[in-house]
Structure formats: C-alpha cells, structure tokens
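Thank you for sending this structure over for comment. My remarks follow below as numbered points, to be read alongside the sequence and the coordinates.

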Amino acid sequence: AVSRFFKSLDLFVTMTANPNWPEVTQLLKPGQRASDRPDLVARVFRQKADHLLHLIMKTGVLGKAVAQVHTIEYQKRGLPHIHLLIILDEDSKFRTPEDVDETVSAELPDPTKHPEFFNLVSSTMYHNCKLGWCISENQDKCSKGFPKPYREATTFTEDSYISYRRQNSKITWNGKDFDNSRVVPYNPYLLKTFNCHINVEVCSSIKAVKYIYKYVYKGGD
C-alpha cells in the first residue's frame, strides 16, 4: 500500500547505537560497561533516532522526504538499531551517478587532511570480517559481500543497490592498513552528527521494494 501510493523507495538507512557515546559513558558507574545499562543505552538511542527522523523528514538533509517507514530492533547484546526506509519527492530522487555521489560515499577520507573524520569512518564504517559473525566455519566467503570490487565511478545496476565508487587506494594509518573495498556506504553529514555506525544505501530498482520491506519487518528470532 505504501509503495502503491508513494511509488518506489529511495534510501535505506540503518543506524546502530554506539556504546561509547559520551551521553552513555559519562553516566556509567566505575567498572560498568554500556551492556550493563541497557536502559540508559535505549533512552539515549531513542533520542538520537528521533533526531535522525527530524533531520531527514523536516530539514531534508538527504533531499525532500515525503514518507518514511521504520522499525527499532535490539541486537543480541542489547544495542538497539533502527531500520529506516525513505521515499523522496520526485525532484529529489537519484537519477544520475553524480546525484548518488553527492549524498553517499563508500570511500575513506584523506587522513592527512581530515584525521578526525578518517578515524570516525575507519572505526564505525569499516567492515572487518570475523569468523562466526559474517564468515561461517564451513564457508570462507563474507555473508555481507566484503571486500567489494573497486570501481572508478558509481554506476546504476539492475539489482537492488547502487554500485558505489571505490577507488583502488590503500592507506596505512597508525600502523594499520585500510582500503576502500571494506567501507560501508555512509553519508558524511549524518556520520559526523551521530558518531555511530549509520549505513546509507540508495535503492535503485523497484526490485528492492519487496526484499527491503520484508527485511525491516522480519521480526524476532
């Protein structure tokens, strides 16, 4: 019904609570971790989720939004996250690769020019594969599809998502190696604002509608 009235989806946003938010850590007692205070984490996250909805629906940080659908879930250890589907006005829809690049990035910033932002991207939006998390014992491939192939330019494909620009450049920072193949797509403004994992994906095809609505409302285990 939502798709019939508002037409196709444009953006799929997932934001996960950061246990290191100062609003959380400054209220923990000595020896406590964020996982010991799910009530505190939930209250802080709800305020930030409400602010995210305000920025998107009222101020139009990602374009003029006409509708949204969202659900809030809890991960196994109590970190809440929000799945948010956004439908934009006809004048704000993504029609060219340049439109996508203005809103979403899947590349690391320059650490020499923007060291703080590089640390933020590499700590919250960089996917490191882990056995038991995205790689099973009998399978050597990442279930999330990382590392992604390098691309010189953003392209539209026939599947559910955009193929984002990921230039082949390797960066060594604080003794660690990084490259663009493992960067989770993000919006720089939202990432700086919320200081947490916040994945922003552009939905390029009507084929994404059924899958994404099912994903958002998949329910508990």
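**Notes on the predicted model**

1. C129 is partly exposed, since its relative accessible area comes to 26%, and a residue is placed in that class when its value lies between the 20% limit for buried and the 50% limit for exposed. Please keep in mind throughout that this is a predicted model.

2. As to its setting, C129 belongs to the loop that runs between α5 (115-124) and β4 (170-173). Not counting residues up to four places away in sequence, C129 touches two further cysteines, C134 and C142, together with I135, F146 and R182. The separation between C129 and L62 is 67 residues in sequence, and in space it is 29 Å from C-alpha to C-alpha.

3. Is E73 buried or exposed? With a relative accessibility of 16%, E73 counts as buried, because the class takes in values under 20%. E73 sits in strand β2, which covers residues 65-74, and, once neighbours within four places in sequence are left aside, E73 is in contact with L79, P80, H81 and H83 as well as with Y215, V216 and K218.

How values were computed:
Residues are numbered from 1 along each chain as its sequence is written. This is a predicted model: local features need pLDDT of at least 70, side-chain atom pairs count only at pLDDT 80 or more; totals for chains, interfaces and linings use all residues. Side-chain values use heavy atoms; hydrogens and water are left out. Helices (H or I, at least four residues) and strands (E, at least two) are DSSP runs, numbered from the N terminus. Buried means under 20% relative accessible area, exposed over 50%, partly exposed in between (1.4 Å probe, protein chains only). Contact means heavy atoms within 4.5 Å.
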